[in-house]
Amino acid sequence: MRPPPGRQQLSREFIAQHQRARIIAALAEETVARGYRAVTVADIVRRAGIARNTFYENFSSKQDCFLATQDYAVDEALRRVVDAATEVESWQARVDAGLAAFLHYVASEPALARTCIVEALSAGPASLERYEESLQSFVPLFRIGRQVSPHGGELPETLEETIIGGIFWIIYQRIILGETEQIEQLLPQLVEFALIPYIGADAAKQAAA
Amino acid sequence: MAADPNASESVAEYPPELSRLPPGRHGLPREFVVHNQRERLIAGVAEAIAENGYASTTIAHITRHAAVSRRTFYEHFASKDECFVAAYETVMEQLRERVANAFDEQEDWPHAMRAGIDAMLGFLAAEPNLARLSMVESLVAGPVVVERYDAAIKGLVPYLEAGRKGRSPEVLARLSPTTEEALVGGMVSLISRRILADRTTELEDLLPDLVEFTLTPYLGTAEAVAIARGA
């Protein structure tokens, strides 16, 4: 979008949101570069190009900023997944479209992905708990599959949690191996993995192809 | 539990008050004393971490739980991290052994998987401190331990890969190269979530769910469910 001509009148809200986004991006970059423990507020402030005061107007501490980064990434990922999934009809196609959108987001934001999928696990109990909660927010998207499954009523209660855990584990491993950019290649395998318990291996393979 | 002779190697079987050697001259061989101290320190670090979390645990916490002196601590370990790694390795070694033994005792692969998962859940449920140490605190204990953790999880992959043996070409054709990795990751993630939520006592209830989940890609739903339910 082109800025309006003449003197720029940006709303306070716009500036505040923009600053927050810059700080979050800076935290992710610093975390990837140094590891969470070594990062200081001074590093984040320098990378974001903002005043120290501005940081503390937005966040109470480095940990607060880290947790906010996790929330931001999960909200954004969920928004993208839901948008992509609502564009198609069948549940199988929705899983495919949703996972495609998710993997695309991971590949296009490698620093944020590493921060929230790898570093979050070792950044302390609060962020580990936040990470586990965030996985839970994907459960309803899969759970709909019970309605299309011939044995939907008998599927284990824990199934969705386990599937999501498996998908995140695969993504975690690829990020650690430095293969974040190629992560979208995993799409058919992950779709198949997610669908097998609901519709069986043959139908899952067809849907994933 | 104490009556089980097979359980005697477990480090958590040595609570400090019971395993503490009598003070003064006890005439025990030095090697035995040193070994006993090391085991107590390992149990001590697990208890201290369960109480305080990894980051807040100090060497004083560990030596108090182990009922040894600070000096003794430093005779065995250079740092808290080193003590933690030793404890982590001890737990994982026990866990690996239990799983391998349970798995090997069975005739066929599906029942071996069931027995292996059962052994893992049973061990973790019986040892909540060690469960927390190995599956939760290991992640926050720095890169050295995280690498070992990742390797330990990958070490479970061959148990699942064994399920490919003897399957029909149609079944093999539909298994993707990441099937085992995803199944192991899903299983471990579910277990870790329960431990993190302090629901370790419920771990054994997960047996049928996890058996069904891991067997389904190889055997199909009907057969997987039958074995999950104890057939």
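This is a predicted model: local features need pLDDT of at least 70, side-chain atom pairs count only at pLDDT 80 or more; totals for chains, interfaces and linings use all residues.
Biologist: What is the secondary structure make-up of chain B, in helices and strands?
Modeller: Chain B has 13 helices and 0 strands. Read from the N terminus on, the elements run α-α-α-α-α-α-α-α-α-α-α-α-α.

Biologist: How much of chain B counts as buried?
Modeller: The figure is 44% of the 231 residues of chain B. As for contacts in chain B with a separation of 6 or more, 64% of them join residues 24 or more positions apart.

Biologist: Into which domains is chain B divided?
Modeller: There are two entries: domain 1 covers 5-81 and domain 2 covers 84-228. The contact between them takes 14 residues from domain 1 of chain B and 15 residues from domain 2 of chain B.

Biologist: Turning to the two chains, how many residues does each give to the contact?
Modeller: Chain B gives 28 residues and chain A gives 32 residues. On the side of chain B that touches chain A, two or more residues come from each of helix 7 (128-140), helix 11 (179-196) and helix 12 (207-219) of chain B.

Biologist: Which of these has the largest share?
Modeller: Helix 11 of chain B, with 11 residues. By class, the side of chain B that touches chain A has 13 nonpolar, 10 polar and 5 charged residues.

Biologist: What is in the largest nonpolar core?
Modeller: That core has 119 residues, and those with the most contacts inside it are A:Ile167, A:Ala194, A:Leu195, B:Leu41, B:Val45 and B:Ala87. Helix 5 of chain B provides the largest share of this core, 9 residues. At least three residues of this core come from each of domain 1 (5-81) and domain 2 (84-228) of chain B.

Biologist: You listed B:Ala87; what is it in contact with, leaving aside neighbours within four places in sequence?
Modeller: B:Ala87 is in contact with B:Ile42, B:Val45, B:Ala46 and B:Leu133.

Biologist: A change of topic: where does A:Glu30 lie, and is it buried or exposed?
Modeller: A:Glu30 lies in helix 1 (residues 12-34) of chain A. A:Glu30 counts as buried because it has 25 C-beta neighbours inside 10 Å, and the cut-off for buried is 20 or more.

Biologist: What does A:Glu30 touch beyond its neighbours within four places in sequence?
Modeller: A:Glu30 is in contact with A:Val39, A:Asp43, A:Ile44 and A:Arg47. Its C-alpha atom is separated by 9.9 Å from that of A:Ala48, 18 residues apart along the chain.

Biologist: Which residue other than glycine has a positive phi near 55°?
Modeller: B:Ala67 has such a value, and B:Asp198 also has a positive phi, of about 55°, although it is not a glycine.

Biologist: Where are they found?
Modeller: B:Ala67 lies in the loop between helix 3 (59-66) and helix 4 (70-76) of chain B. B:Asp198 is in the loop between helix 11 and helix 12 of chain B.

Biologist: Why does B:Asp198 count as exposed?
Modeller: B:Asp198 counts as exposed because it has 10 C-beta neighbours inside 10 Å, and the cut-off is 12 or fewer. B:Ala67 has 17 such neighbours, so it counts as partly exposed.

Note on methods. Residues are numbered from 1 along each chain as its sequence is written. Chains are lettered from A and ligands numbered from 1 in the order in which they are written. Two residues are in contact if their C-beta atoms, placed from the backbone, lie within 7 Å. Helices (H or I, at least four residues) and strands (E, at least two) are DSSP runs, numbered from the N terminus. Ala, Val, Leu, Ile, Met, Phe, Trp, Tyr, Cys and Pro count as nonpolar, Asp, Glu, Lys and Arg as charged, and the others, Gly among them, as polar. Domain bounds come from an automatic or database domain assignment. A nonpolar core is a set of buried Ala, Val, Leu, Ile, Met, Phe, Trp, Tyr and Cys residues joined through C-beta atoms within 7 Å.
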